[in-house]
Amino acid sequence: MDANVVRIDTLEDARLDAYARLTETQLRSRLEPEQAIFIAESRKVIERAFDGGMQPVSLLLEEKWLPSMEPLIARMSSRVPELAVFVAPHDVLADLTGFELTRGALAAFRRPTLPALDDVLAGARRVAVLEDITNHTNVGAIFRSAAALGIDAVLVTPGCHDPLYRRAVRVSMGAVFQVPWTRIGDKGSARTWAQTGIPRLQEAGFACVAMALADESVAIDDACLAGIERMAIVLGTEGEGLSPETIELCDWTARIPMMHGVDSLNVAAASAVAFWQLRSR
């Protein structure tokens, strides 16, 4: 194996700081962007990140996983000769990360520079906009549905949780590396992104469809939506949903017809239904 394998039995190595306290969500949400890294978990997700062009910094795994990881490690080290592979006993890993590492390996990658909005929109026919979705599981699940159901790009507002947070990446099964994405709206204007964001989408030729329960909404299978060539599907956070201003600025408001007295779906489930029905024909 060409990689630099480092067997550790102590947590003193400063290079392990990238993996410390992975269970502390608020800390990690600040720490990882500041260090310009993100953490990928499990062999499949690590491989998809690498194949998606992400630059690895190091890996961390238990000794028993090393043989099965060797082919991937060899590929990664051929691109990054200085790649460090930290191999540690089970107990040391648990102390470092704060949880039982059951998926084989962790990897630290450099955060990519996000593309410009115009570049992400170029050539796209269906995009999803995530407004202030503050649950990493939902963010990851939406990306996975986007990849599977023909969404060309995902746009996240300033108040939306980080798609590169470890849990979001894992739940997406690496789809965050397959679907182009970037941020929309001025940083620090979480609930006012739509003032500039919606007009930019409309200027780029997108009809903006707000997914919301509203009296003036149409069903997602309504014929008026079927002929839209370029569409931005705007999804809101759990509970509060989309802001009234966002709904007002959008061209259409659409809902998923419900039965048996159910008024709404979890946003991740709703996204999958909407993506399928509103897919580009």
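**Before the first exercise.** Val6 stands opposite Phe86 in β4. The model you are looking at is predicted, so local features need pLDDT of at least 70 and side-chain atom pairs count only at pLDDT 80 or more, while totals for chains, interfaces and linings use all residues. Residues are numbered from 1 along each chain as its sequence is written, and side-chain values use heavy atoms, with hydrogens and water left out.

**Exercise 1. Find the strands that pair with β4, and state how they run.**

Step 1: Helices (H or I, at least four residues) and strands (E, at least two) are DSSP runs, numbered from the N terminus. Two strands pair if DSSP finds at least two bridges between them.

Step 2: Take β1, which runs parallel to β4 and is joined to it by four bridges.

Step 3: Now take β3, which pairs with β4 over five bridges, again in the parallel sense. Here Glu62 stands opposite Ala88 of β4.

**Exercise 2. Decide whether β4 is enclosed or open.**

Step 1: Buried means under 20% relative accessible area, exposed over 50%, and partly exposed in between (1.4 Å probe, protein chains only).

Step 2: Look at each face: Ala84, Phe86 and Ala88 are buried on one side, and Val85 and Val87 on the other.

Step 3: Five of the five residues of β4 are buried, so the strand is largely enclosed by the rest of the structure.

**Exercise 3. Is Leu235 buried or exposed, and which residues does it touch?**

Step 1: Leu235 lies in strand β11 (residues 231–236).

Step 2: Leu235 has a relative accessible area of 3%, so it is buried.

Step 3: Contact means heavy atoms within 4.5 Å. Leaving aside neighbours within four places in sequence, the contacts of Leu235 include Val129, Met211, Leu242 and Phe275.
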